[in-house]
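Trainee: I am new to this structure and would be grateful for a close look at a single part of it.
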Number of protein chains: 2
Amino acid sequence: MRLSRYFLPVLKETPSDAQIASHRLMLRAGMIKQNAAGIYSWLPLGYRVLRNIERIVHEEQQAAGHIPMLMPTLQPADLWRESGRYDAYGPEMLRIRDRHERDMLYGPTNEEMITDIFRSHVGSYRDLPLTLYHIQWKFRDEVRPRFGVMRGREFFMKDGYNFDLSYEDSMYAYDRHMVSYLRTYERMGLKAIPMRADSGPIGGDDTHEFLVLADTGESEVFYDAAITDLTLGDRQIDFDDRAGLRAICEEWTTPYARTDETHDAALFDQIPEEQRRTSRGIEVGQIFYFGTKYSEPMGATVVGPDGAKVPVHMGSHGIGVSRLVGALIEAHHDDNGIIWPEGVTPFHCGIVNLRQGDGDCDATCEKIDAALKAKGLDPLYDDRDERAGAKFATMDLIGLPWRITVGPRGLKNGVVELTSRKTGESEEMSLKAAVDRVGQIYARP
Amino acid sequence: MRLSRYFLPVLKETPSDAQIASHRLMLRAGMIKQNAAGIYSWLPLGYRVLRNIERIVHEEQQAAGHIPMLMPTLQPADLWRESGRYDAYGPEMLRIRDRHERDMLYGPTNEEMITDIFRSHVGSYRDLPLTLYHIQWKFRDEVRPRFGVMRGREFFMKDGYNFDLSYEDSMYAYDRHMVSYLRTYERMGLKAIPMRADSGPIGGDDTHEFLVLADTGESEVFYDAAITDLTLGDRQIDFDDRAGLRAICEEWTTPYARTDETHDAALFDQIPEEQRRTSRGIEVGQIFYFGTKYSEPMGATVVGPDGAKVPVHMGSHGIGVSRLVGALIEAHHDDNGIIWPEGVTPFHCGIVNLRQGDGDCDATCEKIDAALKAKGLDPLYDDRDERAGAKFATMDLIGLPWRITVGPRGLKNGVVELTSRKTGESEEMSLKAAVDRVGQIYARP
C-alpha cells in the first residue's frame with residue numbers, strides 16, 4: 001500500500017481525554033475514531049489489526065475442532081425470559097423495542113440463543129460432542145465507558161459454546177478451550193495467564209480468566225512468578241488427546257494465579273516469598289463450565305445411550321477480540337509509539353523513501369515494494385513528499401516491526417537500511433538481502 | 001470436514017412458512033435459523049457461503065483501490081439530525097435509547113457517519129481522491145419481513161463512500177464501482193444487470209441498481225435482451241484507466257434496462273420487439289452519486305488548489321452481502337436443492353462413502369479427503385452410517401458442485417465416481433484422476 005493513497009490520519013497532539021497508553025496511541029496512530037461514548041469506528045489501520053486477531057482466533061478455534069457460525073446482534077427478549085436473565089441482567093443490557101412493540105435486546109452474550117438453536121436441531125447423544133462458536137459484535141451499556149476499546153460499549157468478541165453428554169466430556173471441552181486460548185495469545189505475542197476467577201452473571205463453578213499483566217489493568221492479580229515462565233513454544237498439540245490436554249492445563253493451573261475476586265491470602269503465603277507477585281491485569285478471555293444451568297430451564301435435552309432424556313452439559317468460552325487490540329498495545333509500546341508483534345501487525349514492513357522524487361530512490365522503493373508483495377507480504381510504502389524525520393516518526397508511531405529505509409547516500413554504496421522497531425537497531429545490506437530477511441522473519445511457522 | 005463432526009441440521013420437511021425457493025432451501029439445508037422476525041442465525045453451512053461472498057467483495061473492492069475499515073452498528077442520533085434524516089427516515093429506522101437517555105439508532109446506512117469521519121480528519125484536496133468502505137451488519141425495521149435473508153431486518157451489507165474534489169472525479173469513482181460490482185457478481189456466478197433506478201432516501205441524481213433476474217424478485221424490470229449477453233470474462237481491468245472504465249460502463253448502460261420506477265414506455269418501444277424483455281428482478285446492489293447532499297449541511301469541506309474551501313463531492317455504493325446468498329440460490333437451484341457456483345460454494349467437493357465401515361472404502365475416502373486438502377481445498381466427507389440414498393439426497397440438497405462417490409463395486413475396478421451437481425453427469429475414473437480434476441476446476445483463475 002502506498003501511504004499517499006491510504007487513509008492514515010495520525011494526530012500530532014496527544015488527545016487529552018485518553019487516560020491510558022493504548023487509547024492514546026490508537027487515537028494518535030489513526031486506528032480508531034470515537035463515534036459516541038464507548039462506540040468506535042475502526043479506521044483502516046485499526047481494522048487491519050482487528051482482522052488479523054479475528055483470523056488468528058478463527059484458525060485456532062478450528063484447529064481445536066470447534067465449528068464457526070454466526071448469530072445476529074439483536075435477540076428477542078423472550079429467550080432471556082426463559083432463562084430468567086432478562087430481569088436479572090440489569091442496566092448493562094441495551095433493551096430495544098421494535099416498531100411492533102416487541103421487546104428485543106442487543107446481545108451482550110449468547111447462551112440463551114445458542115441453547116435455543118441446539119434444542120431446535122439436536123435430539124440425540126449421537127450428535128455430541130458439539131462446540132459452536134461465533135465472532136460477533138456485542139453491546140454492554142457500561143455506565144462509564146473508558147480506556148478506548150478496552151472498555152467500550154460495542155465490542156467484538158468470540159464466544160463459543162460446548163454441548164456434551166457428561167461432566168467429563170464437558171471438562172474435555174474446557175481443556176480444549178484453555179489450550180486453544182493459550183495458543184491464540186502466544187501466537188499474538190501476548191503473555192496471558194489463566195487465573196481462577198469468579199463466574200459472574202454467566203454462572204457456573206469452574207471458570208478461568210486469562211489476564212495480561214499491565215499497570216493499567218482493571219483487576220488486581222496475585223500469582224506465583226513460576227507461571228510467567230511457561231510457554232507452549234513449538235509443542236505439537238493433538239486436540240483429540242484428552243490426557244495430553246489435561247496435562248497442559250495442569251501445568252498452567254498448578255502455580256498460584258488468582259484475581260482479587262478469588263484470592264486466598266493463606267494459600268498465597270505458602271509460595272516462597274521471592275516468587276510472590278502482585279500486579280494489575282487486563283482480562284482478555286474467560287472460560288466457563290456451567291453444566292445444565294441453561295439446558296435445564298430451556299429444555300435442551302438429548303436422548304442418551306440408555307434411551308432416557310437428559311439435559312446437556314454446557315460451557316461458554318470468550319475472547320475479547322476488539323479489547324485485545326488495546327491489550328496488545330498496553331503490552332507492546334514505548335515513548336515513540338506502538339511496537340506490533342509480527343503475528344498481528346497491520347503491515348509487515350514499512351518502506352521509507354528519504355528522497356521522494358529522486359529517480360533512484362523511487363525506483364528502489366518500488367522494487368522493494370514489489371519484491372515484498374511477491375513474497376505474499378503487505379508492505380506500507382511511505383511515498384509522501386515529507387521530511388525524513390516526519391516519515392520516521394509516523395513509522396515509529398504506527399509500530400510496524402520492520403522498516404526498510406532507502407536514501408541516496410546508501411544507494412551510492414548499493415545498500416538500504418533494515419531497522420527493527422523493537423530494538424531500534426539498523427543494519428545496512430543490499431536490497432535483496434533486506435527483502436529476503438523480512439521474508440524469512442514472516443516465514444517462521 | 002467430516003460430516004459426523006459437523007453441524008448440518010438438514011430438514012426433511014419443507015417449512016410451510018417459507019414462500020420462495022431460496023428461503024425454503026436455506027432452511028432445509030441447515031444454513032439458517034430464524035431467531036425473530038427477519039433476524040437469522042447463520043448456521044455453519046450458511047456462514048461459509050456468507051464469508052465467501054464477503055471475501056470476494058473485499059478482494060474486488062481492494063482491487064479497485066478502495067480502502068476497508070469498519071464503522072459500528074449503533075450510531076448517535078445527533079449525526080442524523082445534522083443531515084435532516086433523523087426525522088425523515090420513518091419507522092424503518094430502529095431507534096434506541098441508552099441508559100443515559102441518549103438517542104441512538106441501529107445504522108441502516110452510513111452516509112452521516114462516514115461524512116463525520118471525513119470532516120474530522122481531512123482538510124485538503126491533496127488527500128483526495130478517497131474511497132472508504134466497510135462490510136457491517138445493518139438494520140431496517142421492515143414492517144413485514146419475508147423471503148428469509150432476502151428481506152430480513154438485520155442484514156450484512158458492504159457500503160462504500162467516495163470523496164472527490166469535482167463532479168468528474170466523483171463520476172470516475174462511480175465508474176470504478178460499477179465495474180468492480182460487475183466483476184464481483186460475475187465472479188460469484190451471478191448475472192446482475194445495472195439498471196437506471198430511483199435514488200430513494202439516499203438521494204442524488206445518478207444511480208444504478210444491479211438486478212438479478214428471478215421470478216421471485218420484488219421489482220418489475222424492462223430491458224433489451226442484448227444486455228444479458230454482455231460479459232467481462234477474462235478482460236484485464238486497469239482501475240487507473242478512466243477512459244477504459246468509462247467504455248465498460250457505456251457498454252453496460254447503453255442497452256435499455258430500467259426498473260418500474262424509472263421505466264419509460266416510449267423509449268422501451270424503440271427496441272426491436274423481439275429483444276424487449278419484461279421480468280422480475282432481485283436488487284443486489286446500488287451505486288449513487290449525490291454530490292454535496294451530505295458534505296454541505298455537515299461541513300465536509302476541503303481547501304482546493306486555489307485556497308478556497310469547497311464541499312466534497314460524494315457517492316455511496318452498496319452490495320447486499322447476506323441478500324446475495326438468497327439471490328444466488330434463486331438463480332441456481334433445481335427440485336433437489338441448491339447448485340452452488342464454484343466461486344461461493346461452502347465446500348469444494350463432497351465425498352460420499354457408500355459403505356461406511358468397509359476398510360477399503362473408508363481408507364479411499366480418507367485418502368481423497370487428504371489429497372483434496374493438500375491442494376488447498378475444503379472437502380466435506382459424508383462419513384455417516386447412512387443409506388446411499390440419504391447421503392446423495394443431502395449432497396444434492398446442500399448443492400456442492402462436485403461429488404466423489406466411493407463404493408466397493410467401483411473400488412474392485414480401481415475407480416471412483418465424479419459427479420457434477422449441475423449436469424448430474426457422472427464419470428468413473430481413478431482416485432488420482434478425480435482429485436486432479438477437482439483440483440484443476442478450482443485452479444481456474
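Which residues touch the most other members of the largest nonpolar core?

Mentor: This is a predicted model, in which local features need pLDDT of at least 70 and side-chain atom pairs count only at pLDDT 80 or more, while totals for chains, interfaces and linings use all residues. Residues are numbered from 1 along each chain as its sequence is written, chains are lettered from A in the order in which they are written, and side-chain values use heavy atoms, with hydrogens and water left out.

A nonpolar core is a set of buried Ala, Val, Leu, Ile, Met, Phe, Trp, Tyr and Cys residues joined through side-chain atoms within 4.5 Å; buried means under 20% relative accessible area (1.4 Å probe, protein chains only). The largest such core has 234 residues, and those that touch the most other members are A:Met31, A:Trp42, A:Ile53, B:Met31, B:Trp42 and B:Ile53. Beyond its neighbours within four places in sequence, A:Ile53 is in contact (heavy atoms within 4.5 Å) with A:Met188, A:Val321, A:Leu324, A:Val325, A:Leu328 and A:Val344. A second core, separate and of 20 residues, includes B:Leu372, B:Val416, B:Val435 and B:Ile441. In soluble globular proteins, nonpolar side chains tend to be buried together.

The two chains also meet: 57 residues of chain A are in contact with 57 residues of chain B. Between them about 4900 Å² is buried, 62% of it from carbon and sulfur atoms; this is the accessible area (1.4 Å probe) that the two parts lose on being put together, summed over both. On the chain A side, A:Phe7, A:Leu70 and A:Arg99 lose the most area to chain B, together 14% of what that side buries.

Conventions: Buried < 20%, exposed > 50% of the residue type's maximum accessible area, 1.4 Å probe, protein only.
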